[in-house]
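Please look through the sequence and the model below before reading on.

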Amino acid sequence: MRQLRIAAVGDVHLDERLRGSYRKRLDDVEQHADVLLLAGDLTRHGTLEEAAVVTDEFRDLPVPVVAVLGNHDHHSDRPAEIAAMLSDAGITVLHDDATVLDIDGVRLGVAGGKGFGGGYAGKCASDFGEPEIKAFVGHTKRIAERWRVALKELQADRRVVLSHYSPVKDTLAGEPLEIYPFLGSYLLAEAVDAEGADLIVHGHAHAGTEKGVTPGGIRVRNVALPVLGRAYGVYCL
């Protein structure tokens, strides 16, 4: 089975001022990667005008593009419209589900979605007390369960999970400890470890660290642009 090269980046935060700037950095992406994954926070404020810039920067690339939305992409309460714009431009957008790409006869499965917060084992929120806290934790639990189901049903030779929020605290090193619960949740890692994957990529933690691992031994990579310092990271399976 041939090696697969996974390019990934998140937190590009594009708006009209940056139109055309990112596209130039993708001119030779097919020489380095077989697929490009976008790990959310594609816009600054989640407006349709910003989303139009995103679609123009990433449409019609010579490799498939798969994306999830991030918290910034939800800020203006237009996530469904933003996702539709990306889809119309040929970009696959995941909503806690999965897609399979055929890359020279190798089936690459990509599962995931935005993810959410809550914290990490031993120092996390629990669904107890006020309804607001129950809703916060319940949201993450429902997302994690949908990921588990998507992975369980995914028929592929290689499996990658794409998220915005982090499934592990390893890749948050450098961020203030006080905001860890708002950067991700261990429940996401539990779901992936339960069903298996070859790689997890996420964004969101601008001051974090690139490399981590789940308790089950799955590689995790923080591909937020401020962390990478390059147009995208490439990870081989």
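Of the 50 residues in the largest nonpolar core, those that touch the most other members are Ile6, Tyr22, Leu36, Leu37, Phe58 and Leu108; a nonpolar core is here a set of buried Ala, Val, Leu, Ile, Met, Phe, Trp, Tyr and Cys residues joined through side-chain atoms within 4.5 Å, and buried means under 20% relative accessible area, exposed over 50% and partly exposed in between, for a 1.4 Å probe and protein chains only. Strand 2 gives this core its largest share, five residues, where strands (E, at least two residues) and helices (H or I, at least four) are DSSP runs numbered from the N terminus. A second, separate core has 20 residues, among them Ala111, Ala191, Ala197 and Val220. In soluble globular proteins, nonpolar side chains tend to be buried together.

This is a predicted model, in which local features need pLDDT of at least 70 and side-chain atom pairs count only at pLDDT 80 or more, while totals for chains, interfaces and linings use all residues. Residues are numbered from 1 along each chain as its sequence is written, and side-chain values use heavy atoms, with hydrogens and water left out.

Helix 2 (residues 48-58) has Glu50, Ala51, Val53, Val54, Thr55, Glu57 and Phe58 buried, and what covers these buried residues includes strand 2 (35-39), strand 3 (65-68) and helix 3 (79-88). Just after helix 2, Asp60 takes a positive phi of about 55°. Helix 4 (residues 131-153), with 23 residues, reaches 32 Å from its first C-alpha to its last, close to the 33 Å expected, the expected span being 1.5 Å times one less than the number of residues. Its buried residues, including Ile143, Trp147 and Leu151, pack against strand 5 (97-103), strand 6 (106-113), strand 9 (158-163) and helix 5 (186-195).

The structure also holds four aromatic pairs; rings of Phe, Tyr and Trp (its six-membered ring) pair if their centres lie within 6.5 Å, and planes under 30 degrees apart count as stacked, over 60 as edge-to-face and the rest as tilted. Phe116 and Tyr165 form a tilted pair, at 5.8 Å centre to centre with 55° between the planes. Phe116 lies in the loop between strand 6 and strand 7 (119-120) and Tyr165 in the loop between strand 9 and helix 5, so the pair ties together parts 49 residues apart in sequence. The ring centres of Phe136 and Phe182 are 6.5 Å apart and their planes stand at 75°, so this pair is edge-to-face. Phe116, Phe136, Tyr165 and Phe182 form one aromatic cluster.

How values were computed:
Contact = heavy atoms within 4.5 Å.
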